[in-house]
Amino acid sequence: MNLLHQIFVEPFLFMGEAPDLLLQVLWEGFVSGILYALIALGFVLIFKASGVFNFAQGIMVVFAALTLVGFYAMGVPAILSLALAIGVMFLLAVTVERVVLRPLVNQPDIILFMATFGITYFLIGFGELIFGGEPKQMITSQLMLPEGRTNLEIAGGFVTIQHIDIAAAAIAVVMIATLGIFFSKTRIGRALRAVADSHKAALSVGISLNQIWVTVWFAAGIVALVTGIMWGARSDVSFALQIIAFKALPVLILGGFTSIPGAIVGGLIIGFGEKIAEFYWGPLVGGGIESWFAYIIALIFLVFRPQGLFGEKIIERI
Amino acid sequence: MSLRLYGIGALAASVFAASAAVTAAQAQDGIYVPLLSYRTGAFAGSGIPIADGMHDYLTMLNERDGGIGGVPLIIEECETGYDTTRGVECYESVRGNNPVVMNPYSTGITLQLIPRAAVDEIPVLSMAYGLSAAADGTTFPWVFNPPVTYWDGASVFIKHVANVEGGFENLAGKTIGLLHLDAPYGREPIPVLNALAEEHGFEVKLYPVPAQDMQNQSSVWLNIRRDRPDWIYLQGWGAMNPTAVREAVRTNFPVDRLVGVWWAGGDEDARAGGAQAAGYKSLNFHGVGADYPFMDDIITYVHERGLSRFPRDRVGDNLYNRGIYNSMLIAEAIRTAQEVTGNAMVDGADVRLGLEAMNITEERIVEMGMEGFMAPLAISCENHSGHNEVYVAQWDGDAWTQGTDWMSPLTEFVRPLIEEAAQSYAAADAGWPERTEACP
């Protein structure tokens with residue numbers, strides 16, 4: 001009985017007793033959700049174009065951020081470093097297309113999936129060789145991103161808003177909207193959907209597979225760079241950051257692997273869900289539930305809606 | 001085509017065999033000291049300066065003195081990535097070269113090597129890490145964890161809290177948080193903190209951080225804000241530490257009430273919090289900075305000869321010095337083993353004796369050029385840690401400073417717990433051998 005009270009009553013009473021903490025939890029959940037959505041977006045772009053889960057998205061986040069910080073450390077001005085990092089991500093997209101994807105056209109999806117493992121381990125080794133394994137500080141102020149925080153006095157307490165989090169949310173929203181429009185309203189976007197459906201059919205109507213793949217991998221690279229800047233500003237840029245990318249997996253299960261709006265909604269559900277669960281129910285089991293709670297939500301969704309909230313229902317005629 | 005492949009395969013195999021033979025042959029010409037290190041992976045930020053410090057001190061002994069007792073040291077690194085499985089693979093790969101001591105540099109790897117040490121007769125030196133109970137030399141004759149254990153560290157933290165709060169009697173009613181990596185290393189201080197809480201009437205709150213969320217700690221710091229602990233003890237590693245310091249600053253937690261274990265005291269850990277991290281504390285058992293006579297030799301014989309990978313301007317960083325301290329222990333164990341046995345070439349069994357006979361006095365510290373760098377240290381057959389003194393270092397915004405005097409752990413409290421835990425460990429393993437090794 002006491003346990004039921006702890007599960008079903010006490011957390012809600014505490015929400016009412018400390019509304020400032022509830023607002024703080026919701027804000028943190030929103031920021032995390034937006035950042036998860038950004039990571040998931042990188043996966044969605046490549047999945048839409050090739051039907052492949054890009055295992056390398058996490059290391060692309062680290063590699064992009066390290067490239068930016070690395071150029072700056074060499075004395076290149078911050079904005080120029082940013083432009084050069086974008087250039088490197090373009091080169092990476094071209095290289096991946098030429099060296100990995102082009103020879104694997106029409107191969108089963110699992111082959112392409114395994115190829116992304118290869119890209120991952122190559123980028124880890126190459127990144128450590130070039131940049132070393134030590135964490136680097138993100139050049140937040142040099143990129144003219146806001147720092148500091150504001151304490152808002154609300155509901156008898158206070159809510160701390162980090163300025164970088166506001167910027168992260170704003171940049172993520174703009175980026176998601178831009179990519180959403182680009183891929184749904186332009187010719188490239190329609191071509192991309194055709195490629196996702198069938199490589200052969202797309203080739204037969206004159207769509208350049210190579211161009212699409214470079215475009216999509218480049219877009220995913222830019223998303224990775226933005227994600228790396230935002231996560232790096234919150235902590236550091238280190239190879240440990242790539243693990244966070246796997247938080248995108250439950251987001252994708254929720255939102256669907258092919259839906260940009262799904263990535264946003266999925267990211268927000270996971271962000272809010274894990275923060276609220278950790279804060280209000282975590283203490284019942286000793287804390288630390290955040291790391292697996294997202295997967296529980298995803299599993300529940302898998303049972304009832306395997307294609308995700310916005311994913312396309314797959315109907316195969318037998 | 002297949003013939004060509006066979007040719008390449010045969011060539012690769014012969015190169016591999018030749019390199020293995022070279023290492024084995026080299027091991028005959030010197031004292032073989034493998035270093036398990038991690039320069040890659042999520043924990044490289046902490047692992048690199050330590051690996052460089054360990055390497056540079058031993059290299060300095062080779063370059064300056066021709067080794068120890070006239071026998072050169074053969075130093076070989078094996079990359080573990082702070083991964084237990086890879087660490088055990090490293091152990092298996094170096095075991096055949098007759099290493100005189102193993103430095104696992106990971107509590108997880110140490111736990112795996114403890115049962116093997118006696119069988120393979122290779123002592124395990126887990127300097128201020130690993131299994132705290134291994135300080136009981138009667139149960140663990142092949143495992144050493146000087147100068148202090150994690151349990152000693154936790155007791156010094158509580159002692160420091162009591163000093164600041166005006167005495168142990170003022171601890172009652174306080175809340176003390178343990179922010180820890182959710183791994184064997186991070187969980188080590190829990191038993192002693194709970195025991196001390198029972199003794200002094202404070203409450204312990206645990207804040208585990210899974211390895212995958214090391215850089216995603218916002219939830220845990222929300223919990224800290226909810227619970228309002230009076231103090232936090234940080235038992236983190238790798239990217240977890242700078243993130244924790246940064247989050248403490250972000251959430252207005254008073255950084256002078258955030259005290260890291262010695263592994264949370266990297267320069268980069270503190271620097272990540274910016275100017276507002278000034279006041280952050282960390283336990284320490286050696287000096288920081290480069291203003292010591294032995295450091296001049298490291299610069300002259302190692303850095304100026306291009307034998308170091310560590311940036312010259314960072315010599316004196318806390319974790320670089322930590323690696324040096326570790327290698328000093330290795331070197332002193334070998335030197336003592338040579339004295340005890342009368343042999344210049346020593347093996348693992350000899351170095352075990354050397355570790356048990358180790359007594360680094362003030363005079364010896366001066367001889368090593370380490371005055372001001374370390375406190376005297378002694379190990380015995382029963383006491384493999386020594387439960388030596390540590391101090392609380394404090395970050396001034398730019399560098400670590402000595403925040404307190406050297407403090408001894410609450411040994412009278414911790415030692416019985418260690419002996420009890422050692423007996424429990426042996427009892428849980430039906431085949432755990434009784435100590436038969438002689439005392440030097």
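A salt bridge, as the term is used here, is a side-chain nitrogen of Lys or Arg within 4 Å of a carboxyl oxygen of Asp or Glu. Please bear in mind throughout that this is a predicted model. By that rule, 35 salt bridges are counted over all chains. Side chains of opposite charge can pair when their charged atoms come close.

Let me begin with a pair inside one helix. B:Arg335 forms a salt bridge with B:Glu332, and their closest N and O atoms are 2.9 Å apart. Both residues belong to helix H12 of chain B, which covers residues 318-341. They are 3 residues apart there, about one turn of the helix. How accessible are the two partners, B:Arg335 and B:Glu332? B:Arg335 is partly exposed because its relative accessible area is 22%, whereas B:Glu332 counts as buried at 3%.

A second pair is found in chain B. The side chains of B:Arg226 and B:Asp227 meet in a salt bridge with an N to O distance of 2.9 Å. The relative accessible area of B:Arg226 is 18%, so this residue is classed as buried; the cut-off for that class is under 20%.

Which residues are linked in a network of salt bridges? They are A:Lys247, A:Glu274, A:Lys275, A:Glu290 and B:Asp213. A:Lys275 and A:Glu274 are both buried.

Leaving out residues up to four places away in sequence, B:Asp213 touches A:Lys247, A:Glu290 and A:Ser291.

B:Asp269 is buried and has no salt bridge. Where is the nearest side chain of opposite charge to B:Asp269? That side chain is B:Arg322, 8.2 Å away, whereas a salt bridge requires the atoms to be within 4 Å. B:Asp269 sits in helix H10 of chain B, residues 267-271. Its side chain does make a polar contact of 3.5 Å with the side chain of B:Asn241. Beyond its neighbours within four places in sequence, B:Asp269 is in contact with several residues, including B:Gly238, B:Pro242, B:Val245 and B:Trp263.

The backbone also deserves attention. The peptide bond from B:Pro146 to B:Pro147 is cis, with omega near 0 degrees. B:Pro147 is placed in the loop between strand E4 (143-144) and helix H5 (150-165) of chain B.

Two further residues concern the angle phi. A:Met144 is a residue other than glycine with a positive phi, near 65 degrees. It lies in the loop of chain A between helix H6 (109-131) and strand E1 (149-154). A:Met144 is exposed because its relative accessible area is 65%. In chain B, phi of B:Arg228 is likewise positive, near 50 degrees, and this residue too is other than glycine. B:Arg228 is in the loop between H8 and strand E7 (231-235). Its relative accessibility is 66%, so B:Arg228 counts as exposed.

Another loop residue of chain B is B:Leu131, found between strand E3 (124-125) and E4. Is B:Leu131 buried or exposed? B:Leu131 counts as buried because its relative accessibility is 13%. The C-alpha atoms of B:Leu131 and B:Glu188 are separated by 7.6 Å, although the residues are 57 apart along the chain. Not counting residues up to four places away in sequence, B:Leu131 touches B:Glu188 and others, among them B:Leu111, B:Ile114, B:Phe140 and B:Tyr425.

Finally, I come to the surface of chain A. A nonpolar patch there includes A:Leu284, A:Val285, A:Trp292, A:Ile296 and A:Phe304. Together, the residues of the patch have about 910 Å² of accessible area. One member, A:Leu284, lies in the loop between helix H13 (260-281) and helix H14 (290-304) of chain A. At 36% relative accessible area, A:Leu284 is therefore partly exposed.

Thank you for your attention.

Methods:
Residues are numbered from 1 along each chain as its sequence is written. Chains are lettered from A and ligands numbered from 1 in the order in which they are written. This is a predicted model: local features need pLDDT of at least 70, side-chain atom pairs count only at pLDDT 80 or more; totals for chains, interfaces and linings use all residues. Side-chain values use heavy atoms; hydrogens and water are left out. Helices (H or I, at least four residues) and strands (E, at least two) are DSSP runs, numbered from the N terminus. Buried means under 20% relative accessible area, exposed over 50%, partly exposed in between (1.4 Å probe, protein chains only). Lys and Arg count as positive and Asp and Glu as negative; His and the chain ends are not counted. A polar contact is a pair of N or O atoms within 3.5 Å; within protein, one must be able to donate a hydrogen and the other to accept it, and residues adjacent in sequence count only if both atoms are side-chain atoms. Contact means heavy atoms within 4.5 Å. Patches are made of residues with over 30% relative accessible area and no salt bridge: like charges are joined within 9 Å, nonpolar side chains (Val, Leu, Ile, Met, Phe, Trp, Tyr) within 5 Å. Accessible areas come from the Shrake-Rupley method with a 1.4 Å probe; for residues, only the protein chains shown count as cover.
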